Protein chains: 2
Amino acid sequence: MTTTFSVLAEPARRDILDLLIAGPRPVGDLVAGSGLSQPNTSRHLRILREAGLVERRADGQRRLYALRPEGFVDVERWLAPYVRLWQDGLGALERHLNRME
Amino acid sequence: MTTTFSVLAEPARRDILDLLIAGPRPVGDLVAGSGLSQPNTSRHLRILREAGLVERRADGQRRLYALRPEGFVDVERWLAPYVRLWQDGLGALERHLNRME
DNA sequence: CAGTTATATATCTGTCAACGAATATGTCTC
DNA sequence: GAGACATATTCGTTGACAGATATATAACTG
């Protein structure tokens, strides 16, 4: 079974997602920014799209890829209980002090 | 390279972590709760421990495993920008309304 | 329409790593 | 010695990846 987690486990795909934080990008930019070959980039983009993490739209003869933030929500939900433990833990005082700076 | 993401990509390991949310548990409980063999459970626990996601302490002739919430922080940090996009997005109104119920 | 650019998809190859299952053995503690 | 656990080994399977290459599609350009 291919889960969001296993999709995110691949560094190349996280690289692509990081590039997309700045905004929608055509495939050519992602090829250049990731150092992957064009076919390989398209393959990872398909996997990201099937996982609901990015979406595609046409722009003339190019395809723009953009983040699809809803796709990250289930990971966030799984992660939340663990993060909550951290927030309730010993780091709480330190973060409180940091907020006072 | 074995990252926190690739460690979390394995369903069996997420199962073990989920069992540990309720509190520290000896290996025997995790074997029973996960349905894995004992050697297999120990293997996954070692991987989780090397990733900093759990910690171990002795308890008589048993070993107690517990969550180590700091280990989840880097994932949370990577995820944060994407979640922020979601929070700033169209879901905001809906969640606002939900809060008013 | 022909040619070109941008992208998608497919195929094949080779490599590599992870997994479960089974089993054996070591170690520590009671 | 028995129970609880860790570690290691072997085996067989499966799946993911990069690289290379070829081809398909769609849109723009002249």
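Which residue of chain B comes closest to the rotation axis? B:Ala9 does, with its C-alpha at 3.1 Å. The model is a predicted one. In it, chain B superposes on chain A by a rotation of 180 degrees. The shift along the axis is 0.0 Å, and the RMSD is 0.0 Å. The two chains are therefore related by a two-fold axis. Both copies use the same surface: 100% of the contact residues of chain B recur in chain A.

Now turn to the sheet in chain A. It is open and has three strands, in the order β1-β3-β2. The pairing is antiparallel. Strands of a sheet pair through backbone hydrogen bonds. β1 (25–26) and β2 (54–59) of chain A are the edge strands, each pairing on one side only. β1(A) runs antiparallel to β3(A), and two bridges join them. Look across from A:Arg25 and you find A:Tyr65, in β3(A).

The DNA comes next. Around DNA strand C lie 21 residues. Those that come nearest are A:Pro26, A:Gly28, A:Pro39, A:Arg62 and B:Gly60. Which elements give two or more residues to this surface? From chain A, they are α3 (27–34), α4 (38–50) and β3 (62–67). From chain B, α4 (38–50) joins them. The largest share belongs to α4(A), with six residues.

What is the surface near DNA strand C made of? Nine of its residues are polar. Six are charged, and six are nonpolar.

Definitions and conventions: Residues numbered from 1 in each chain as written. Chains lettered and ligands numbered in written order. Predicted model: local features only at pLDDT ≥ 70, side-chain atom pairs only at ≥ 80, totals over all residues. Near = placed C-beta within 6 Å. Helix = DSSP H or I, 4+ residues; strand = E, 2+ residues; numbered from the N terminus. Nonpolar A, V, L, I, M, F, W, Y, C, P; charged D, E, K, R; others polar. Least-squares fit on C-alpha atoms with pLDDT ≥ 70 in both. Contact = placed C-beta atoms within 7 Å. Pairing = 2+ DSSP bridges.
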